[in-house]
Amino acid sequence: MTRFSLLFGLAFLLTACGGAEAPSSNSSAGVSANRSAGVLSTRQAKQLFGGMSNGSAQSAAAYGGYAKGCMAGGVQLAETGPTWQAMRLSRNRNWALPVTVDFVQDLSRIAAREPGWKGLYVGDMSQPRGGPMLTGHRSHQIGLDADIWMLPPDRLNLTRSERENISSISMRRANGAFTNDKWTKSHHNILKAAAKDPRVSRIFVFPGAKVAMCNAEKGDRSYLRKIRPWWGHHYHFHVRLSCPRGMRGCVDQSPPPRGDGCADAQQWVNNILNPPPPDPNAPKPKPRRELTLGDLPAQCSAVLSSN
Ligand SMILES: [Zn+2]
């Protein structure tokens, strides 16, 4: 882990996939100022996409990349299924491309075979038409990302209000250098099953969990390549699917480096335990400009204006 990527990561942390604990970054004053701002293409894309309550009546497509794009023809994960519940329904982020909804349902059936797990509690996926969000995430924009809670579901009849108020649980100890005593073999098995799924391109989880998986794995290690250590991600793990084959306009992230990535994760852990001195020559992280509709692929305008 280089200093540059540490710095980059720290900047990312502020706006990354924050899960249940992400603070609101938006004031209602900001919203109304934007409503009167005029020209659509210069309005903040998060205001436009954050205001959409339904998917677009188009065929399913992702336009752009995970952190700069939108979604056509998104579908909703049912709020409750035989082996899952969607959480935080008020956010209306249980939308995704059909492939992602299928994946989440499949993974939830696998999770339900683990002792003490009735299935999965599913956190944020995407907004109805994807795009940047008013709060909480930089990615999750094209319907191919899903946050899965670490909390083992012991019941699947949570009410709406329980789903707003129950919190997931943290799996980390020592700032993410290690897993704590809540982490179980079942977490390992569920993350492993997710990583082995050919639809999945990578999974983000805190560094201590990656190292724990590296140390526990005695069999095939090839799936570990997809388990990527990242900041946060100790209340949930984040699954990112690859662009579906033939979906033009969907921009994949370059694949993870070759190998199982275990040495890099261990180095990250070492840096948590013994932080290297700050680099006086490190460039200052640039404040990130808000995305406008003009920054997104052209198709995203049609996604917004579609029925
Ligand atoms: Zn996420």
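**View 1. Contacts across the whole chain.** Take the contacts in the protein chain between residues at least 6 apart in sequence: 77% of them join residues at least 24 apart. Keep in mind that this is a predicted model. The protein chain holds nine helices and 13 strands. Of its 307 residues, 42% count as buried.

**View 2. A look at helix H4, residues 98-111.** (The expected span is 1.5 Å times one less than the number of residues.) Which residues of H4 are buried? They are Val99, Thr100, Val101, Phe103, Val104, Leu107, Ser108 and Ala111.

**View 3. Arg88 in its loop.** Find strand S5 (84-86) and strand S6 (95-96); Arg88 sits in the loop between them. Its phi is near 50°, a positive value in a residue that isn't glycine. Is Arg88 buried or exposed? Arg88 counts as buried because it has 21 C-beta neighbours inside 10 Å, and the cut-off for buried is 20 or more.

**View 4. Asn175, in another loop.** Asn175 is placed between strand S9 (172-173) and strand S10 (178-179). Asn175 isn't a glycine either, yet it has a positive phi of about 60°. With 14 C-beta neighbours inside 10 Å, Asn175 counts as partly exposed; that label goes to residues in between the exposed limit of 12 or fewer and the buried limit of 20 or more.

Note on methods
Residues are numbered from 1 along each chain as its sequence is written. This is a predicted model: local features need pLDDT of at least 70, side-chain atom pairs count only at pLDDT 80 or more; totals for chains, interfaces and linings use all residues. Helices (H or I, at least four residues) and strands (E, at least two) are DSSP runs, numbered from the N terminus. The expected span of a helix is 1.5 Å times one less than its number of residues. Two residues are in contact if their C-beta atoms, placed from the backbone, lie within 7 Å.
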